[in-house]
Structures are given as structure tokens and as C-alpha cells.
Amino acid sequence: MGQKTHPTGFRLAVRRDWRSKWFAPKHEFGALLAEDTKIRQILKRKLESAAVPTIQIERAANRCRITIYTARPGVVIGRKGQEIDKIKEDLAKMTGKEIYVDIMEVKSPEATAQLVAENIALQLERRVAFRRAMKKALQTSMGLPQVKGIRLRCAGRLGGSELSRVENYRDGSVPLHTLRENVQYGFAEAKTLYGILGVKCWMCVEEDEKKPAATKVG
């Protein structure tokens, strides 16, 4: 019971790539790993409304390149690039390193598991009925040609009930044990009046080699 492998970690080096790419000696590794976590937390907090599913970090000597994947690049860049300049400045001050920021636009947010989970969590915070939010997300994603299947799971005091419970919805094919399948995983938390609700999303997406999932902005 509960001995489940994380879907992303399970597919590393087969279907998924590392989100942090750098090498460090043993005595520096822990500090750099903690710095990566802090960078992601700061960016997630600052870009809460920009729909950011992934943040990739690459390091070389005293330089750090951060790639932000977003469904709303305009929010990240800001007016005349003010927002992105402020982000660079704040991160450079925190890390003491030279910061480069790349922005990649996510073409279809409805086919990205993390963004689907965050969208449902946002609706739950706005007091939308959980069944309605889940069914709508299911229908929207399954309406896209590249989505083979989707599985949603909400847990907590749903609808303000006295006891916490779990609600599952699924449609199409989501083979979690098939490593060659492109199964995405997303998790988000909805902070409601009754407590925290957890939202999980598994999505099987067919990749089109001709059309990239994300394109570079600027």
C-alpha cells in the first residue's frame, strides 16, 4: 500500500530528462541542489499567474541559465521586458551568479498535466464544484487530438465534507507501466477554507515530431 513510484522519476533517462543539468563535487552538491529548489520556489511564487509547468536549470562555472516554460510569455516578460529584468536582478542577488533567462512558450496548456492540475486547484480555491471542475478539464483535454488519455484524482475535504475522501475520473488510455509512452504527471494543492486539497493529473500525450511542444520566445 502506498509503494508507488513517481511517474517522472520512473521515466528518467528513458522518456524524461533531468530538470537540473550540472555537475558539482560532493562538498558543493547539497548547497547547489538547495539553491535550485529555492530558485524554483521564488519563480513559482512570482509567476503564479503565468501558467509555468516546468523550470529547467543549467549551470556552468559561475553562470546559471534558467529556462522558463510558460503558457503566457507576455506575463513573464512584462511591459518592455521589465518583469524579466527584475527576475534576473533578484536571482543574481540571491545566488551571486550571472543569470541568463530563456522563455519557452507552451503551445497547448490543456495537453500539459501540470497546468491541468493547477487549473483545477485554482477553480477549487474559487469555490467551483469539484466534479464540475474535473469533468470540464477532462472534456477539454480529451478534445485535443494529441491527448490519448487522462486520469484525474482529487483528495481532501471535497465540497467541505466532514471527512476527507478521494474522487477519481479517467478517460482514454493512460498506461503507467509502459515506459515508451509519453505519460506526464502534474500535482497541485488548493488551499481552501476547509483545508488543503490535493489534485493529481496523469496524461498520456502523443508527440508530433513535426510540431514542437514549446517554442522559444524572443
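**Figure 1. Packing of helices α5 and α6 in the predicted model.** The axes of helix α5 (residues 113-125) and helix α6 (residues 130-142) come within 9 Å, crossing at roughly 150 degrees. Angles over 145 degrees count as roughly antiparallel, and α5 is therefore roughly antiparallel to α6. The crossing of α5 past α6 is right-handed. On the α5 side, the contact is made by V116, I120, Q123 and L124. Helix α6 contributes F130, A133, M134, A137 and S141 to this contact.

**Figure 2. Packing of helices α2 and α4.** Helix α2 spans residues 26-46 and helix α4 spans residues 82-95. Their axes lie 11 Å apart, and the helices pack at an angle of about 150 degrees. The two helices are therefore roughly antiparallel to each other. A right-handed crossing is found for α2 and α4. The residues of α2 that make the contact are E35, K38, I39, I42, L43 and K46. Their counterparts in α4 are K86, I87, D90, L91, M94 and T95.

**Figure 3. The aromatic pair W22 and F29, with R59 over the face of W22.** The structure holds two aromatic pairs, one of which is formed by W22 and F29. The ring centres of W22 and F29 are 5.4 Å apart. Their planes stand at 50 degrees, so the pair is tilted. W22 has a relative accessible area of 18% and is buried, whereas F29, at 41% relative accessibility, counts as partly exposed. The threshold for a buried residue is under 20% relative accessible area. R59 lies over the face of W22, 5.6 Å from the ring centre.

**Figure 4. The aromatic pair Y185 and W202, with R151 over the face of W202.** The rings of Y185 and W202 have their centres 5.5 Å apart. An angle of 50 degrees between the planes makes this pair tilted. The pair links distant parts of the chain, with its two residues 17 residues apart. Y185 belongs to strand β7 (residues 183-192), and W202 to strand β8 (residues 195-205). Both Y185 and W202 are buried. R151 is placed over the face of W202, at 4.5 Å from the ring centre.

Note on methods. Residues numbered from 1 in each chain as written. Predicted model: local features only at pLDDT ≥ 70, side-chain atom pairs only at ≥ 80, totals over all residues. Heavy atoms only, no water. Phe/Tyr/Trp six-rings, centres within 6.5 Å; stacked < 30°, edge-to-face > 60°. Buried < 20%, exposed > 50% of the residue type's maximum accessible area, 1.4 Å probe, protein only. Helix = DSSP H or I, 4+ residues; strand = E, 2+ residues; numbered from the N terminus. Lys NZ or Arg CZ within 6 Å of the ring centre and 35° of its normal. Axes fitted to C-alpha atoms, helices over the stretch in contact; angles between N-to-C directions. Parallel < 35°, antiparallel > 145°, perpendicular 65-115°, else oblique. Left-handed = near helix turned anticlockwise from the far one by under 90°. Contact = heavy atoms within 4.5 Å.
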